[in-house]
Amino acid sequence: IVAERFTREFSDISVAWQLHGMVMSLKKEYEKAIRSFRHSISQDSTNAYSWFELGSAFERSKQIDSAAFAFRKVLKLQPDDPAACNYLGYMWAERGINLDSSKILIEIALRQEPDNGAFLDSYAWVFYQFGQLDSAFFYINKAVENIKDDPTVLCHLGDILEKKGRLKEALEAYHKSMELN
């Protein structure tokens with residue numbers, strides 16, 4: 001309600017629409033969020049935060065090409081932005097596409113934040129998709145060291161262990177993931 005009132009009062013200000021988009025994203029109303037972030041960008045096309053959140057809303061509503069476009073725009077505005085590099089790289093890795101580009105993007109993110117568990121998880125997932133299970137296992141373990149209670153990281157650990165034939169350990173990782181989810 002406050003965000004809607006804010007956009008009515010300040011409809012010509014980018015940040016009002018950005019706030020509305022954030023609220024819609026939190027409510028998982030992604031189509032409304034997309035409209036709000038687009039409106040924010042129409043007021044200020046250099047608003048990297050709105051571009052990032054637009055990409056996230058597109059990705060969550062399964063509009064992958066549009067999400068990639070938005071994240072590329074963030075990277076034009078803020079080259080090497082670690083969050084945008086990781087999001088775009090992981091989005092592609094998760095789908096098994098553009099893996100070479102995905103690896104490069106995540107490496108850029110990791111150079112800036114080498115202990116970021118989410119980035120390490122993304123990097124592990126690239127190796128998993130390449131079928132390089134030893135490297136995937138190495139990086140997923142580093143991710144787990146940094147984020148012990150993330151269900152996605154633990155699920156990825158289970159997937160990697162399963163592919164390595166370590167089924168009992170995979171089941172333990174999946175069980176921990178389910179407990180947290």
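## Terms and model

The structure is a predicted model, in which local features need pLDDT of at least 70, side-chain atom pairs count only at pLDDT 80 or more, and totals for chains, interfaces and linings use all residues. Residues are numbered from 1 along each chain as its sequence is written, and side-chain values use heavy atoms, with hydrogens and water left out.

## Helices H3 and H4

Helix H3 (residues 30-43) and helix H4 (residues 48-60) have axes that come within 9 Å and cross at roughly 155 degrees; the two helices are therefore roughly antiparallel. Helices here are DSSP runs (H or I, at least four residues), numbered from the N terminus.

The contact (heavy atoms within 4.5 Å) involves residues of H3 including Tyr30, Phe37 and Ile41, and residues of H4 including Trp51, Leu54 and Phe58.

## Helix H6

Of the 14 residues of H6, 11 are buried, so this helix is largely enclosed by the rest of the structure. Buried means under 20% relative accessible area, with a 1.4 Å probe and protein chains only. Among the buried residues are Cys85, Leu88 and Trp92. The buried residues of H6 pack against H4, H5, helix H7 (99-112), helix H8 (117-130) and helix H10 (151-163).

## Leu75

Leu75 lies in helix H5 (residues 64-77) and counts as buried at 17% relative accessibility. Beyond its neighbours within four places in sequence, Leu75 is in contact with residues including Ala84, Cys85 and Leu88.

Conventions. Buried means under 20% relative accessible area, exposed over 50%, partly exposed in between (1.4 Å probe, protein chains only). Axes are lines fitted to C-alpha atoms, for helices over the stretch in contact, and angles run from 0 to 180 degrees between N-to-C directions. Angles under 35 degrees count as roughly parallel, over 145 as roughly antiparallel, 65 to 115 as roughly perpendicular and the rest as oblique.
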